[in-house]
Amino acid sequence: MSATAEFIQNNFKSITVLKAGANGITELVMDCTNAVYIRKTVNGTGLPYRMLAQINTSGLPKIYYCAEADGKTYVVEEYINGVNLQDELEQGKIFTEKQVLQIALQLCDVLLAIHSKGILHRDIKPGNIILQNGSTWLIDFGAAKTVSGDKMQDTRILGTPGFAPPEQYGFSTTDTRSDIYALGKTMQALLGKKYNGKLNGVFVKCTQFEPQKRIASAAELKKLLLQTPSSSKNRVAIAVAVLAILTSGYYYLNLPQQDTAQPQQPAVTETQKDMQSEAAIEDEVLATPKEESVQRTQETQEQITAGLTVKNLDFVISTNPLYQTAREQSKQAGLTLLELPKGKIPTFTVHNDSGQELKNPKLVIQFTNLMVTGNNLTADSWGGRQINWQLAKNNQVYAGTVTISLSGTIPVNDYFDFPLAGAVANYYTSGSPAAAQVTLTADNLEPLTQTYNIKIN
């Protein structure tokens, strides 16, 4: 194994396994400074990660290390802390036309950058797209390849059914139009099966069975998308048109009487009637009956209930030689370094068992005979929510209390996981018995406190 491959394998601590399968494994890892990265171990070589490392463009995670050894590819890349589109779809979210346009336009820029270097992604799908503060990121190049013009068909059949084009199943060789096909299918998935709007024509041009009949490039697709107005803009135009019509009618109806013939109010066309009807429907939807408003106020005053459970509060004494320095430092503070079983992250789960949504829940975790190190962290979660970790550190940077807050709600009969992963790097024991006292609060919940024993082997 090469020195770089050994470095990638031995100098990053696994926090959790994000994905594992026949093609390899993807992990969330941390270095000795507690910085978080993605580590990929791909079963195969010849992937264009070295070329990707030379590309500096928004929407493409930075590649820090790359090596090949023993038939595998080892990669450490930037961790994009955002919302996965597949997770959003699984939660029932349907994206608006405007949102899909923004996502597609940003992905076109990413494709322009990689295609110009002869790189094909070959697995564009919602699960490989991350949204982070309005930016769109294309991740997971485990199926990527460089363009080759001398092959009649691809030798490796990769991709995801429903998104991969026919040529990725052996019909012919893949090229830039293969990524266009997958992006078209992705836009369709984001808009939902019932969508029947202006982007349908774009989908058809992206997803033709024969590559030569498709949109030929990301530049061509971007140009076509820019010519497609979003539904939100149309709604604004409708609102303006309705206002103009109504204002115009009011003006003509209130003109002073004159001897000369008075101007006639313009006839309302069928189109104008439709626009007025749409405005009336919107007003009806926005209007809330007084009785319903009173009922909702009463509901918010009712007491709601929630449940709290925990998993993976089991530790072992660390013997890993990689963390010898951390062990020596902790001994000076009277602490013993612990390890978690691989892939087992302590997670507190809040269950909303009531008939109302739980608003802005927060956990305060106070440890007994257990200390942690790490960094405060804020991350986006699905549904437009944010989760925040705060560590109450002493002057030796060890923390005995961790607060985890969710900015948003937990829906009725739903749950939310509050993991310690990412924010907490290491765990230490100062004696026994060890325990965690957890207090759950929310804007509309009376405090709930439970204590859990911590097992250390």
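A charge is said to sit over a ring if NZ of Lys or CZ of Arg is within 6 Å of the ring centre and within 35 degrees of the ring normal. The legends below concern a predicted model, in which local features need pLDDT of at least 70, side-chain atom pairs count only at pLDDT 80 or more, and totals for chains, interfaces and linings use all residues. Residues are numbered from 1 along each chain as its sequence is written, and side-chain values use heavy atoms, with hydrogens and water left out.

**View 1. A lysine over a ring.** K93 lies over the face of F95, at 4.9 Å from the ring centre.

**View 2. The aromatic pair of F12 and Y37.** Rings of Phe, Tyr and Trp (its six-membered ring) pair if their centres lie within 6.5 Å, and planes under 30 degrees apart count as stacked, over 60 as edge-to-face and the rest as tilted. Across the whole structure, a search finds 10 aromatic pairs. One of them joins F12 and Y37 edge-to-face, with 5.6 Å centre to centre and 85° between the planes. Because F12 lies in the loop between helix 1 (3–10) and strand 1 (13–21) while Y37 belongs to strand 3 (residues 36–43), the pair ties together parts that are 25 residues apart in sequence; helices (H or I, at least four residues) and strands (E, at least two) are DSSP runs, numbered from the N terminus. Both F12 and Y37 are buried, that is, under 20% relative accessible area, where exposed is over 50% and partly exposed lies in between (1.4 Å probe, protein chains only).

**View 3. The aromatic pair of F348 and Y452.** F348 and Y452 form a tilted pair, 6.4 Å centre to centre and with 55° between the planes. F348 lies in strand 14 and Y452 in strand 25 (residues 445–456), so the pair ties together parts that are 104 residues apart in sequence. Both F348 and Y452 are buried.

View 4. The strands, which pair if DSSP finds at least two bridges between them, have the order 11-14-22, with antiparallel pairing. Strand 11 (306–311) and strand 22 (415–419) stand at the edges with a single partner strand each, so one side of each is left without a neighbour in the sheet. Six bridges join strand 11 to strand 14 (residues 347–352), and A306 has N352 as its bridge partner in strand 14.

**View 5. Strand 23 and its partners.** Strand 23 (residues 424–429) is mostly covered, six of its six residues being buried. Three bridges join strand 13 (residues 336–339) to strand 23, and these two run antiparallel, whereas five bridges join strand 17 (residues 370–374) to strand 23, also antiparallel.
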